[in-house]
Amino acid sequence: MASMFISQEYSDELQNVISGFTGKFSVYMLLGFKSTVIAQAVENAQGEEDDEFQLMEAPVPDWELKTGFLTKRGDGRKNWSKRWFVAKNAADGFIIEYYTDQTLKTKKGVISCAGYKAQKDDKMKKFGITLTPYDESRRVWYIHADSAEEQESWYSIFDNACMYGEPAKDPDAMIQTSFELAFDRLKLDQGIWWRMQHDRSPQEMLAKLLMEVLERGVLRDIRANISDPTGGMLKSMARGMVDKMVATNCNVACAAAWSGAKPAIDAIKNIFIEKVQGMVTPIVELQESTKAKIVESVGSVTDPAFSSIASTALAPVLDKAMGPIVDAYKAGMRGFFNQTEKRLNELADAGTRQKTVQELTSAVSYSYWSESPMVEAYELLRDLRDSQLADVLEHVPGLSIWGFIYTLDDGIRSLIRKAIHTVSKLIEEMSDAGAALQETMDRFAADAKLCIEKLVVSGLKYMIGSLIDENLTTPCVEVVKPLSDAIPEAMQEIVNIEDLLTSTIDDIVTNGVKTAASAGTSGAVGAIDGWRG
């Protein structure tokens with residue numbers, strides 16, 4: 001029925017845009033797969049880099065974080081139903097399942113909190129929790145507990161899941177990586193420079209990007225020219241119907257494109273992998289020589305552009321950021337030490353060690369619970385939202401206080417989990433819990449310094465990503481095109497000049513950020529040794 005409000009001309013244009021979009025995705029998906037195979041082969045040939053960290057790598061937690069009854073509102077009929085909720089751990093992407101009851105016989109649904117914000121909200125129901133999506137097209141979840149204590153406990157679970165939950169990914173890691181490369185290429189091809197958070201499945205992300213493309217073009221024109229035989233009385237209703245129809249068309253088209261991508265890759269997968277593996281040495285040599293030529297060719301573009309980005313974006317941020325970063329890490333170290341010291345006897349007892357490690361590790365996911373080692377650190381991070389640093393980031397294109405807080409928070413929690421695993425293993429080896437804790441703290445301090453240096457570089461790189469795409473990558477594409485002719489014809493299918501350009505610019509940016517950050521981090525990082533105060 002919505003089609004009656006759209007002229008044939010706009011209907012044809014809409015279909016052309018959708019067809020062109022999905023067609024390009026199919027091409028970029030194959031290119032992404034080829035890039036993934038080459039990168040994996042080159043990585044295998046070059047070998048693994050030495051691990052600089054001293055804390056032991058912790059296994060991914062797979063035990064349940066919390067279970068219990070909550071009441072949720074339905075999305076369709078809006079009725080309230082009591083359900084048995086099961087909060088999964090990191091191994092399952094922090095999804096939250098709900099069942100009819102605790103027997104788990106009838107699974108009613110799954111909540112993936114990626115792309116959502118959790119809030120305690122008593123407007124709908126007492127002891128309520130609301131999950132609000134950053135994308136208004138997605139469902140809002142309304143849930144309530146039976147007491148203030150349960151509300152607080154479950155809020156911490158949902159808040160953690162919103163911050164660290166991962167959307168559904170393809171089980172084939174190579175397919176998932178290929179999609180992410182294809183998505184970024186397609187996004188740039190459509191003139192969209194800003195970063196888009198991957199907060200849903202590949203198919204849904206593709207539909208999200210297509211809707212963004214349509215919103216900026218033909219859909220905007222369709223809305224402005226909706227034909228309404230009633231003289232305007234139904235225009236608002238007609239617009240809603242048109243939007244729903246377009247969204248449905250996007251979902252159907254993207255589902256078909258995603259479903260078709262896998263067979264297309266399967267058709268070339270084995271042949272291409274064998275071809276690349278047989279040529280890996282000349283590929284590595286050609287890539288290195290070509291990247292050297294790219295550096296020489298794009299220097300006139302990258303040097304002034306990065307110099308400008310460093311002075312306008314990096315310097316002001318480093319000036320305000322190093323103090324809060326170091327303070328937050330020190331708070332995380334104190335939290336780990338205090339919570340672990342209280343339970344050393346349980347860690348020293350082989351009979352209770354595993355359970356204690358699980359409880360300590362689970363507590364890292366909480367931000368408000370008194371037993372969490374993150375309480376002080378999270379409070380410091382929360383205060384940054386209204387700090388001078390937030391004011392600085394607000395005026396620097398491409399930077400965000402939310403991105404800064406997320407990156408810092410994730411780094412601290414990750415290091416604490418490693419420390420918990422390390423102290424438990426050292427206790428097994430040393431049979432002296434006190435000495436094991438002290439050894440762990442020495443390793444923690446060393447890793448915190450290294451982590452801060454890496455965090456500053458990776459965080460700044462992430463936050464200036466949009467500036468890099470717009471000011472470096474795009475202008476350099478034309479500059480390096482002549483280098484394509486220098487690649488032997490037999491290798492042109494395998495070695496892509498634009499892939500090498502992206503990789504080279506990433507190296508240039510990494511080195512530039514390290515140089516810009518080194519002067520501002522060296523003195524501040526040394527303060528980690530004073531973590532007790």
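How much accessible surface does the protein have, and what share of that surface belongs to carbon and sulfur atoms? The accessible surface comes to about 25800 Å², of which 50% belongs to carbon and sulfur atoms, with areas taken from the Shrake-Rupley method with a 1.4 Å probe, and with only the protein chains shown counting as cover for residues.

Before I go on, please keep in mind that this is a predicted model, in which local features need pLDDT of at least 70 and side-chain atom pairs count only at pLDDT 80 or more, while totals for chains, interfaces and linings use all residues. Residues are numbered from 1 along each chain as its sequence is written, and side-chain values use heavy atoms, with hydrogens and water left out.

As for the overall picture, the secondary structure comes to 15 helices and seven strands, taken as DSSP runs numbered from the N terminus (helices being H or I of at least four residues, strands E of at least two). Of the 533 residues, 49% count as buried, that is, under 20% relative accessible area with a 1.4 Å probe and protein chains only, where over 50% is exposed and anything in between is partly exposed.

Turning to the strands, where pairing requires at least two DSSP bridges, S7 (residues 141–144) runs antiparallel to S1 (residues 66–73), joined by two bridges, and Lys72 has Ile143 in S7 as its bridge partner. Four bridges join S7 to S6 (residues 128–133), again in an antiparallel arrangement, and here Thr130 stands opposite Tyr142.

How do helices H3 and H4 run relative to one another? Their axes come within 11 Å and cross at roughly 0 degrees, the axes being lines fitted to C-alpha atoms over the stretch in contact, with angles from 0 to 180 degrees between N-to-C directions. H3 is therefore roughly parallel to H4, a label for angles under 35 degrees. The contact (heavy atoms within 4.5 Å) involves residues including Phe179 and Phe183 of H3 and Met205 and Leu209 of H4.

In the loop between H3 (173–189) and H4 (202–215) we find Arg200, which is buried, with a relative accessible area of 9%. Leaving aside neighbours within four places in sequence, Arg200 is in contact with several residues, among them Asp135, Arg138 and Met205.

Finally, Ile222 lies in helix H5 (residues 218–224) and, at 1% relative accessibility, counts as buried. Ile222 and Val242 are 20 residues apart in sequence and 8.6 Å apart in space, C-alpha to C-alpha.

Technical notes. Angles under 35 degrees count as roughly parallel, over 145 as roughly antiparallel, 65 to 115 as roughly perpendicular and the rest as oblique.
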